[in-house]
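Subject: Structure for you to look through

Hello,

Here is the structure I promised you. Please open it beside this email and follow along.

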Amino acid sequence: MTTVPAEASAPPAPPPTSRPDPEKPKRRRFPWAPLALLTPALIMLAVFIGWPLVQLVIMSFQKFGRAQIFGAPPEFIGIDNYVAVLTDPEFWAVLGRSVALCVVSVVATMLLGVAIAVMMTKLGAVMRTAVSVSLLLAWAMPALTATIVWGWIFDTQYGLVNWVLTQVTGQNWVGHSWLIDPASFYAVAAIIITWGAIPFVAFSTYAALSQVPDEVLEAASLDGAGGFARFRLIVFPYLRSILLVLLVLQIIWDLRVFAQIYALQSIGGVRAETNTIGVYIYSVSMASGDLGAGGAISVVLVVILLAISGYWIRTMLKEES
Amino acid sequence: MTARPRRVMSRVLLNVAALVVIVSSLFPVYWMVNTSLLPASAVRSTTPHWWPDEFTLSNYQEALTDDSLLNALFNSVAVTGLTLVVTLVFAFLGAIAVSRFRFRSRTSFIVAILVIQMIPAEAMIVSVFRVLDGWYLLNTIIGLSFVYIATVLPFTIWTLRGFVNGVPADLEEAAMIDGCSRTGAFWRITFPLLAPGLIATGVFAFIQAWNEFVFALVIMTRPDSLTLPIWLRAFVQATKATDWALVMAASTIMAIPVIVFFLFVQHRMTSGLVAGAVKG
């Protein structure tokens with residue numbers, strides 16, 4: 001590990017002067033050792049996340065277009081960018097589409113994921129291993145390659161879906177484009193997103209299910225509780241907190257989905273009618289060159305996501321203390 | 001599972017459902033590999049080839065002799081390697097600090113980690129682009145790696161912290177009583193026990209950097225600085241999605257390292273989250 005020069009500046013060991021018990025919380029001296037250990041990480045975070053975040057907020061209050069990219073000094077225009085963005089019907093259309101896609105994908109992912117987890121608890125060992133391995137492979141697939149493969153499966157000319165539909169319905173589906181029409185574009189996108197997200201939900205839920213104590217379930221069934229009652233009264237309370245965390249994570253991930261949409265637009269599909277919020281930020285700021293407006297949309301997205309993830313952050317903190 | 005006899009019917013239904021899950025999870029992966037092993041003429045036929053009956057490696061040969069792909073492959077390997085090594089070192093130091101020492105700003109540091117975790121890359125592209133532009137880091141492997149390191153660090157510190165917490169400080173103290181120095185106790189006792197954690201976080205950093213799309217799209221725009229995902233996307237668009245055999249070969253080349261490494265650490269990815277959430 002001597003290849004990284006930056007490492008040399010951060011000694012891995014604390015100075016030998018601090019001999020007393022390291023776990024004693026009462027230390028009056030300034031915490032030099034942990035600070036020194038944290039310095040490299042803090043510098044990276046400050047420079048490549050903190051500083052851009054500050055810039056982002058500043059930029060969202062500036063007129064920052066092509067002229068400024070080429071060196072003209074940016075001019076502060078107050079909340080004009082926000083006004084322009086929030087009164088732009090396209091922004092609301094994009095936001096609406098993102099939310100709709102997110103809701104459909106999240107609902108499908110959660111329902112199927114939990115169903116598969118419950119199914120896994122009831123399967124024999126061989127089948128359960130087979131299901132785990134298949135889910136694992138789907139999970140490991142990079143989002144971009146998954147999108148491209150699904151794009152191939154839904155291909156207009158030689159795609160498998162059109163071939164199967166032709167065989168099943170007897171009508172000729174060859175040449176039917178799934179990506180031109182925004183509604184079916186989103187249907188394909190939702191399938192890709194859900195396919196990639198189910199394994200995480202299924203595995204997490206399955207792991208939580210396996211922590212439900214068998215004795216309690218047995219006791220309940222001796223007391224006459226049926227399968228559904230057992231699930232509702234015993235299993236579900238165990239699952240509640242993990243399901244909420246999964247739900248929040250899925251909402252966040254699906255709301256900011258980028259690679260799948262952007263790649264699917266490259267395969268086919270009309271960009272202007274299929275943008276979701278992430279892709280919209282990219283097209284406003286990079287393609288159109290209006291970094292000020294892109295910054296304003298970004299700030300709005302950050303605020304929305306942080307509001308949603310407040311619950312998740314609280315959960316993690318509670319666990320911490 | 002109850003030992004009561006179940007109706008055969010529900011047993012069958014259950015296994016059919018399991019089969020459906022297996023097939024729909026596996027099929028796209030299989031179809032990618034299958035298509036990549038077929039000649040372009042077979043891919044462009046009216047009836048699908050369900051297995052590589054006209055087996056050929058020509059797509060891989062073509063892909064791996066394509067200069068632009070090799071260039072993208074090199075960029076991806078360089079960015080991923082740099083990200084991996086630097087992240088591991090920095091995250092390791094940071095995790096020790098957060099876990100082994102108590103200091104006043106510790107909680108706020110953890111909150112900061114979680115908040116940063118939630119800031120979407122999509123919202124950062126605008127300003128990261130501008131900041132890197134100002135420092136002449138656009139289209140450079142170092143520039144992109146630095147951004148990846150910064151985005152991966154919060155999670156890796158968080159995960160490694162869990163591993164460090166799992167090694168009781170008593171072990172170190174016992175070694176120190178037996179005459180080890182503090183540093184020696186750490187390197188001889190704690191460090192070896194952390195190896196699984198370092199592997200897990202390393203694989204996480206690898207997968208993130210290898211798959212990352214949004215930042216690479218914005219930062220690496222010159223044709224010779226594309227990373228693999230960006231190259232693949234551009235290639236699909238440039239060929240108007242016609243040469244699926246070659247595209248699938250390139251996709252397989254990109255997916256295989258991720259799948260292999262992923263299988264190593266999959267256990268860690270769920271257990272941490274679940275253990276915490278179920279207890280709460």
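Two residues are in contact if their C-beta atoms, placed from the backbone, lie within 7 Å. Keep that in mind for what follows.

First, the ground rules. This is a predicted model, in which local features need pLDDT of at least 70, side-chain atom pairs count only at pLDDT 80 or more, and totals for chains, interfaces and linings use all residues. Residues are numbered from 1 along each chain as its sequence is written, while chains are lettered from A and ligands numbered from 1 in the order in which they are written.

**Where the chains meet**

How many residues of chain A are in contact with chain B? There are 95 of them, and they touch 88 residues of chain B. Helix α14 (residues 291-320) of chain A gives the largest share of chain A's side, with 16 residues. Helices (H or I, at least four residues) and strands (E, at least two) are DSSP runs, numbered from the N terminus. By class, chain A's side has 69 nonpolar, 18 polar and eight charged residues. Here Ala, Val, Leu, Ile, Met, Phe, Trp, Tyr, Cys and Pro count as nonpolar, Asp, Glu, Lys and Arg as charged, and the others, Gly among them, as polar. For the complex, the predictor gives an ipTM of 0.86 and a pTM of 0.85.

**Chain A**

Four residues of domain 1 are in contact with six residues of domain 2. On the domain 1 side, three are nonpolar, one is polar and none is charged.

Now helix α13 (residues 277-287) of chain A. Eight of its eleven residues are buried. A residue is buried if 20 or more other C-beta atoms lie within 10 Å of its own, exposed if 12 or fewer, and partly exposed in between; C-beta atoms are placed from the backbone. Among the buried ones are A:Ile277, A:Tyr280 and A:Val284. A:Gly289 follows the helix, and its phi is positive, near 80°.

Next, look at A:Thr194 in helix α8 of chain A. Is A:Thr194 buried or exposed? A:Thr194 counts as buried because 22 other C-beta atoms lie within 10 Å. Leaving aside neighbours within four places in sequence, A:Thr194 is in contact with A:Ser105, A:Ala108 and A:Thr109. A:Ser288 is 94 residues away from A:Thr194 along the chain, and their C-alpha atoms are separated by 31 Å.

**The nonpolar core**

A nonpolar core is a set of buried Ala, Val, Leu, Ile, Met, Phe, Trp, Tyr and Cys residues joined through C-beta atoms within 7 Å. The largest one has 172 residues. A:Ala189, B:Ile125, B:Leu153 and B:Ile219 have the most contacts inside it. Helix α8 (residues 182-209) of chain A supplies the largest share, 17 residues. Both domains of chain A take part, with at least three residues from each. Beyond four places in sequence, B:Leu153 is in contact with residues including A:Ala41, A:Met44 and B:Phe90.

**Chain B**

Chain B has twelve helices and zero strands. Its radius of gyration (taken over C-alpha atoms) is 24 Å, well over the 19 Å that the globule rule gives for 280 residues, so chain B is more spread out than a compact globule. That rule is 2.2 Å times the number of residues to the power 0.38. The C-alpha trace spans about 75 × 70 × 35 Å along its principal axes. Of the 280 residues, 45% count as buried.

B:Tyr136 is exposed, with 9 other C-beta atoms within 10 Å. B:Asn139 is partly exposed, with 18 C-beta neighbours inside 10 Å.

pLDDT is the predictor's confidence in each residue, from 0 to 100. Chain B averages 85, and 90% of its residues score at least 70. Over residues 271-280 of chain B, pLDDT stays under 50. Where pLDDT is low, the predicted coordinates should not be read in detail.

Best wishes

How values were computed
Domain bounds come from an automatic or database domain assignment.
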